[in-house]
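User: I would like to go through this structure by question and answer. Please give the cut-offs as the terms come up.

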There are 2 protein chains.
Amino acid sequence: MYGRIRMSKEYRASGTRDDRPTGNAKFLARRNEIVDLAAELFARNGYAATGIRELGEAASLARGALYYYIGSKESLLSEIHDRVMDPLLEETNRISGLDASAEARIRMISDVLLHQVCERHDHVWVFLHEYRALVGERRETFRRKRAHFEDSLAALFSAGVADGEFEIDNIQLTMLAFLSMHNYTYQWIRRSHSLDPSALSKLYCDIFFVGVASRGRAARG
Amino acid sequence: MYGRIRMSKEYRASGTRDDRPTGNAKFLARRNEIVDLAAELFARNGYAATGIRELGEAASLARGALYYYIGSKESLLSEIHDRVMDPLLEETNRISGLDASAEARIRMISDVLLHQVCERHDHVWVFLHEYRALVGERRETFRRKRAHFEDSLAALFSAGVADGEFEIDNIQLTMLAFLSMHNYTYQWIRRSHSLDPSALSKLYCDIFFVGVASRGRAARG
């Protein structure tokens, strides 16, 4: 399997990858199908255990044709990560800039995040289980994006403290607690059929902002 | 790799497994070392990608000797799951029976859970990533234990509602939100060095019970 990955690296190094007609709509549509298939296979069987041959069989493509579309197994993994991270970052940037309370903005990000977790379940599964398989520049890019997302969320919690909206001792750990509650949802969401991501987001945020204890609930009205 | 697993099943089916001196302290100590090594390898490289040969090399044992200690690769995986689940269930049963408020008992379970996540990090990583590799009776046992743990926790939230301690609309989802916040910690805890599990447990529970919003915080004193 790793022999195949090395081969694909040589393929990329030759520059052929940049010659592919990535702007072509038909090419991109087929490529998207292959990335979806890969996410499904990686989620079901694991990244290391999924060979290029199985990917080719699932996509009904010979090895050469598969390389034409994907470049390498690792570029597939990288694309799966981008598909989770990029829309999330875009939405987070947009929401952060809105003229709304910190709580309102965090609630919006919660909603976007849970829609990702529920609607891109295979991608999120691969994202959370296999990010350590990314190496070199791809690993750095992933880390940079993750840090950007976490920093944006932490900045909203800080803004809420500055405005007197929140009382938080440790912004970083509070942000990580918030993300943990959301991210882990991928582990059990398939056991809870037809759960609406927006309803779940409201439940999480109500807990996170006002808690479940009755004392003080009346005062919070 | 799978050929080897099948072989080990035949080995077990022959009854040889039951003849091993499992009560022997030296045998058990060596076996524990092998399970620890396996957890480390499975966490680092994945269960499917880790062969019996690598396990043998890491433990400096020939294949026959390795089978003598572990029975099969899947029995190792099962044991890793038991090592996370069994102490957790034992503590949860003990704590559930204590004469204390629901909040106090849930805080104790939170503390036990985070100690597991932090101190048995490799085991928890394998537990959360590879439980789907368990099959047949082992899978059923895992599911039964997980359901028992989740039901015990849900029962404490219900008791808190019945006593007027908590205001909760959906006990099941609230329990899963609580577990999600805790369980996902394994993903980032190694980035946060020297974090005390008990301090983190207090932070999580303070959020979960009273929230981070300032409104009403005064009333909650």
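User: Is B:Arg44 buried or exposed?
Analyst: This is a predicted model, in which local features need pLDDT of at least 70 and side-chain atom pairs count only at pLDDT 80 or more, while totals for chains, interfaces and linings use all residues. Residues are numbered from 1 along each chain as its sequence is written, chains are lettered from A and ligands numbered from 1 in the order in which they are written, and side-chain values use heavy atoms, with hydrogens and water left out. Buried means under 20% relative accessible area, exposed over 50% and partly exposed in between (1.4 Å probe, protein chains only). B:Arg44 has a relative accessible area of 51%, so the residue is exposed.

User: Which residue forms a salt bridge with B:Arg44?
Analyst: A salt bridge is a side-chain nitrogen of Lys or Arg within 4 Å of a carboxyl oxygen of Asp or Glu. Helices here are DSSP runs (H or I, at least four residues), and strands are E runs of at least two, numbered from the N terminus. With the closest N and O atoms 3.3 Å apart, the partner of B:Arg44 is B:Glu40.

User: What N to O distance applies to the salt bridge of B:Arg94 and B:Glu91?
Analyst: B:Arg94 and B:Glu91 are three residues apart in helix H6 (residues 73–96) of chain B, so they are separated by about one helical turn. B:Arg94 is partly exposed at 44% relative accessibility, and B:Glu91 is partly exposed at 24%. Their side chains meet at 3.0 Å.

User: How many residues apart are A:Asp36 and A:Arg83?
Analyst: These two form a salt bridge whose closest N and O atoms are 2.6 Å apart. A:Asp36 counts as partly exposed at 37% relative accessibility, whereas A:Arg83 is buried at 13%. The pair links distant parts of the chain, helix H3 and helix H6 (residues 73–96) of chain A, and the separation is 47 residues.

User: Which side chain of opposite charge is nearest to A:Glu165?
Analyst: A:Glu165 lies in the loop between helix H9 (136–162) and helix H10 (171–183) of chain A. For charge, Lys and Arg count as positive and Asp and Glu as negative, with His and the chain ends not counted. A:Glu165 is buried yet has no salt bridge; at 5.8 Å, the nearest side chain of opposite charge is A:Arg105.

User: Which residue's backbone nitrogen does the side chain of A:Glu165 reach?
Analyst: Contact means heavy atoms within 4.5 Å. Leaving aside neighbours within four places in sequence, the contacts of A:Glu165 include A:Ser101 and A:Glu103 in chain A, and B:Val212, B:Ala213 and B:Ser214 in chain B. At 2.8 Å, the backbone nitrogen reached is that of A:Ala102.

User: How many salt bridges are there between chain A and chain B?
Analyst: The contact takes 49 residues from chain A and 49 residues from chain B. On the side of chain A that touches chain B, 26 residues are nonpolar, 12 polar and 11 charged (Ala, Val, Leu, Ile, Met, Phe, Trp, Tyr, Cys and Pro count as nonpolar, Asp, Glu, Lys and Arg as charged, the others, Gly among them, as polar). Over all chains the salt bridges come to 28. Between chain A and chain B the count is zero.

Terms used. A polar contact is a pair of N or O atoms within 3.5 Å; within protein, one must be able to donate a hydrogen and the other to accept it, and residues adjacent in sequence count only if both atoms are side-chain atoms.
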